[in-house]
Amino acid sequence: MSTPAQDTAVHVDVVVEAPIERAFTVFTEGFGRFKPREHNLLGGEEIAETVFEPRVGGHIYDRGVAGGECRWARVLAYDPPTRVVFSWDISPQWEIERDPSRTSEVEVRFIAETPDRTRVELEHRHLERHGTGWEGVRAGVASAEGWPLYLERFAQVVDD
């Protein structure tokens, strides 16, 4: 039995009062400014910074105050200022997933509505690839503490 595509993806969007280039730059270069620090897989080590490497083949990772690193995403597409795609290398047990075939992906599109207004559309898709328990991943990223929180905080940073 197959699962309908809409059940295996999460869609969230926000409109920000900023030119498309600024919205893209804040999302990528400023990712650590809006990513919740409590979203942490460093094993108890506090996050010092979150790094988004702006290139295909780059990573998104957290660096801890004691120097530990947690690489939790790989940059799959990087098309400034309109699109970025990255993997979600986090398992249903909220641990790092090392098998790329068992990871989902996040596509973020930036659409200029006016010269000073940008719609940011985020789609977290292929959640079924996580295997048993993937529904918990979907519930987590779709919850108020998941992607909606990220985009809410992103919009606040863009407005600063």
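**Exercise 1. Placement and burial**

Thr8 is placed in the segment before β1. The model is a predicted one.

Task: Determine whether Thr8 is buried or exposed, and state what separates the C-alpha atoms of Thr8 and Glu29.

Solution. 
Step 1. The relative accessible area of Thr8 is 7%.
Step 2. Buried means under 20%, so Thr8 is buried.
Step 3. Thr8 and Glu29 are 21 residues apart along the chain, and their C-alpha atoms are separated by 28 Å.
Step 4. For another pair, Phe27 and Glu49, the separation is 22 residues in sequence and 15 Å from C-alpha to C-alpha.

**Exercise 2. Aromatic pairs**

Task: State how many aromatic pairs a search of the whole structure finds, and classify the pair of Phe27 and Phe154.

Solution. 
Step 1. In the pair of Phe27 and Phe154, the ring centres are 5.6 Å apart and the planes stand at 70 degrees.
Step 2. Planes over 60 degrees apart count as edge-to-face, and the pair of Phe27 and Phe154 is therefore edge-to-face.
Step 3. Phe27 belongs to helix α1 (residues 20-29) and Phe154 to helix α4 (residues 147-159), so this pair ties together parts that are 127 residues apart in sequence.
Step 4. Phe27 is buried, at a relative accessible area of 1%, and Phe154 is buried, at 0%.
Step 5. Trp147 and Tyr150 form a tilted aromatic pair, with 4.8 Å from centre to centre and 55 degrees between the planes. Both residues lie in helix α4, three residues apart, about one turn of the helix, and both are buried.
Step 6. A ring may also have a charged group over its face: Arg71 lies over the face of Tyr61, at 4.5 Å from the ring centre.

**Exercise 3. The nonpolar core**

Task: Identify which residues have the most contacts inside the largest nonpolar core.

Solution. 
Step 1. In soluble globular proteins, nonpolar side chains tend to be buried together.
Step 2. Here the largest nonpolar core has 41 residues, and those with the most contacts inside it are Phe27, Phe86 and Phe154.
Step 3. Helix α4 contributes the largest share of this core, seven residues.

**Exercise 4. Strands and their partners**

Solution. 
Step 1. Strand β1 (residues 10-16) has a covered face of Val10, Val12, Val14 and Val16, and an uncovered face of His11, Asp13 and Val15.
Step 2. Asp79 has Arg83 as its bridge partner in β5.

**Exercise 5. Backbone exceptions**

Task: Locate the cis peptide bond from Pro80 to Pro81, and state where Trp94 and His126 are found.

Solution. 
Step 1. Most residues other than glycine have a negative phi, and most peptide bonds are trans.
Step 2. The bond from Pro80 to Pro81 is cis, with omega near 0 degrees; Pro81 lies in the loop between β4 and β5.
Step 3. Trp94, in the loop between β5 and β6, has a positive phi near 60 degrees. Its relative accessible area is 36%, so Trp94 is partly exposed.
Step 4. His126, in the loop between β7 and α3, has a positive phi of about 60 degrees. At 26% relative accessibility, His126 is partly exposed.

**Exercise 6. The largest pocket**

Task: Give the volume of the largest pocket and say which residues lie nearest its centre.

Solution. 
Step 1. The volume of the largest pocket is about 250 Å³.
Step 2. Its lining has 17 residues, of which His39, Trp88, Ile90, Trp94 and Tyr150 lie nearest the centre.
Step 3. β4 (69-79), α3 (134-142) and α4 each supply at least two residues of this lining.

Technical notes: Residues are numbered from 1 along each chain as its sequence is written. This is a predicted model: local features need pLDDT of at least 70, side-chain atom pairs count only at pLDDT 80 or more; totals for chains, interfaces and linings use all residues. Side-chain values use heavy atoms; hydrogens and water are left out. Rings of Phe, Tyr and Trp (its six-membered ring) pair if their centres lie within 6.5 Å; planes under 30 degrees apart count as stacked, over 60 as edge-to-face and the rest as tilted. Helices (H or I, at least four residues) and strands (E, at least two) are DSSP runs, numbered from the N terminus. Buried means under 20% relative accessible area, exposed over 50%, partly exposed in between (1.4 Å probe, protein chains only). A charge sits over a ring if NZ of Lys or CZ of Arg is within 6 Å of the ring centre and within 35 degrees of the ring normal. A nonpolar core is a set of buried Ala, Val, Leu, Ile, Met, Phe, Trp, Tyr and Cys residues joined through side-chain atoms within 4.5 Å. On a 1 Å grid over the protein atoms alone, a cavity is a set of points where a 1.4 Å probe fits but cannot get out, and a pocket is an open set with protein on both sides within 12 Å along at least five of seven lines; lining residues have an atom within 4 Å of a point. Grid points are joined across faces, edges and corners, and a volume is the space filled by probe spheres set on the points. Two strands pair if DSSP finds at least two bridges between them.
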